[in-house]
Structures are given as structure tokens and as C-alpha cells.
Amino acid sequence: MWVFLVAALAACVAVIFGMLGPVKGGGMALSSTFTWHPILMSIGFPCLMMLGRWAYVSDEIGDKETQRSVHRGLMMLATLIAIAGYVMIFMAHLPLKSFFGYNFSTKKWAVPTRVAHDWLGYAILLMTLAQSAMGLYKLMSAREGRSIFKFHGLMGKVVMVLSAVNICLACIFWGWSPGYKIFVALLTVAVTAFGAFTPPRKAAENTPIMEGSKA
């Protein structure tokens, strides 16, 4: 448990410190809606989603029903925080009329990495919303002994990996020093790989009603 907890907090704390701390590219004001976008997104994805997957693969928090409930709660919380993170960046960009990496006032595109970050961010958010809806329906079906959406676990890993890619894209265009950019990017990749690909315990793998739907 402690390894997952430390890993979940590591990338999140690195991003938050980079935004608020006394480093190059930091010192952002908490009163700015823009500041809250990376803070909330780092809490939602590498942090809470990491813990959500831990709840599924671990056998330290009770029976399988308890695991599913904790997994659902953490993933739903991650989704809500991700939505809040999107609202923050939407509000920050609204006066500028800048969306999808394009400024509708100046009719100019942002740098390619920022455009890619924006479009990938929308795709990740839509996938996250779909995952949440499927997860709720999947849980209800599992309680009835039915296994549906067997790709749910794989799609969850894809979301986690893409979110790590998007953080790395943000590192490229953000104003941090090269060393801090590399630090945050490598930490995010390592934490995500650990969280997404830690295999479930044998007990979880052999649960009949979840067969073929490993997280």
C-alpha cells in the first residue's frame, strides 16, 4: 500500500511544487484559474487514478466487494476533479477566446506541443467520462453475475498512459528549467508505468464475475 501511496503522491507533488514553488516557471497565484488546471489534473490522474487501480489489484482492503467500492469511489473522485480541472482552464481561456490550441481572436495556432496537449486533453477527458459511466454499469452487472465491458480495464490503462503523455507535453512548453522538466516527465512516466502495469493479485484475477475485465 505504501509504495502505491508514495508513487501516487510523487508526480502530483512535483507538478504542484513546480507551479507554486520558488522555481523557474513557478510562483503562480492561487487566485488564477489557470493555476488550478495543472494542480487539479495532477491530483486526478497520476494520483487518484493510481490509488483507484491499487484498490482493485490489492488484497489489503477487505473482500472483493469492498475493493470494487473503493475503486469506484476513487475513480469517480478522480473524474470529478478532472472535470473541475477542465472548467478551470476553460475559464482561463474564455476571455482570450483560445480553445483547442487556437486563438479565435488573433486567428493563430499555439505552438504544436500546446495544440497536441489541448486535443489530447479533450480525448482523455471524454475517455474518462466514458470509463466512469461504463464502470458504474459494470459494477451493477457484476453484482448480478454478468461480465460486461471487458475492455474496461485496458481502456483505464490507456487513459493513465495518455495522461502521462499529456503531462510530458506540458513539460515541453512550460517555463520550467530543462532539469525540472526532465525530472517531472521522468517521474510521471515511471509512476504511471508502475501504477498502470502492476499485475493484480491472484485472488483478483480469479474472481469469476470479473473474469476478462482486469483493471
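Student: A crossing is left-handed if the near helix is turned anticlockwise from the far one by less than a right angle, and right-handed if clockwise. Which helices here cross in a left-handed way?

Tutor: H2 and H3 do. Helices are DSSP runs (H or I, at least four residues), numbered from the N terminus. This is a predicted model, where local features need pLDDT of at least 70 and side-chain atom pairs need 80 or more, while totals for chains, interfaces and linings use all residues. Residues count from 1 along each chain, and side-chain values use heavy atoms, without hydrogens or water.

Student: At what angle do H2 and H3 cross?

Tutor: Roughly 165°, with the axes of H2 (residues 33-57) and H3 (residues 64-93) coming within 8 Å. So H2 runs roughly antiparallel to H3 (an angle over 145 degrees). Axes are fitted to C-alpha atoms over the stretch in contact, with angles from 0 to 180 degrees between N-to-C directions.

Student: Is Cys171 buried or exposed?

Tutor: Buried, because its relative accessible area is 3% (the cut-off is under 20%, with a 1.4 Å probe).

Student: How many residues are in the largest nonpolar core?

Tutor: It has 32 residues. Such a core joins buried nonpolar residues through side-chain atoms within 4.5 Å. Phe45, Met49, Met50 and Val159 have the most contacts inside it.

Student: Which helix supplies the largest share?

Tutor: H2, with twelve residues.

Methods:
Helices (H or I, at least four residues) and strands (E, at least two) are DSSP runs, numbered from the N terminus. Angles under 35 degrees count as roughly parallel, over 145 as roughly antiparallel, 65 to 115 as roughly perpendicular and the rest as oblique. Buried means under 20% relative accessible area, exposed over 50%, partly exposed in between (1.4 Å probe, protein chains only).
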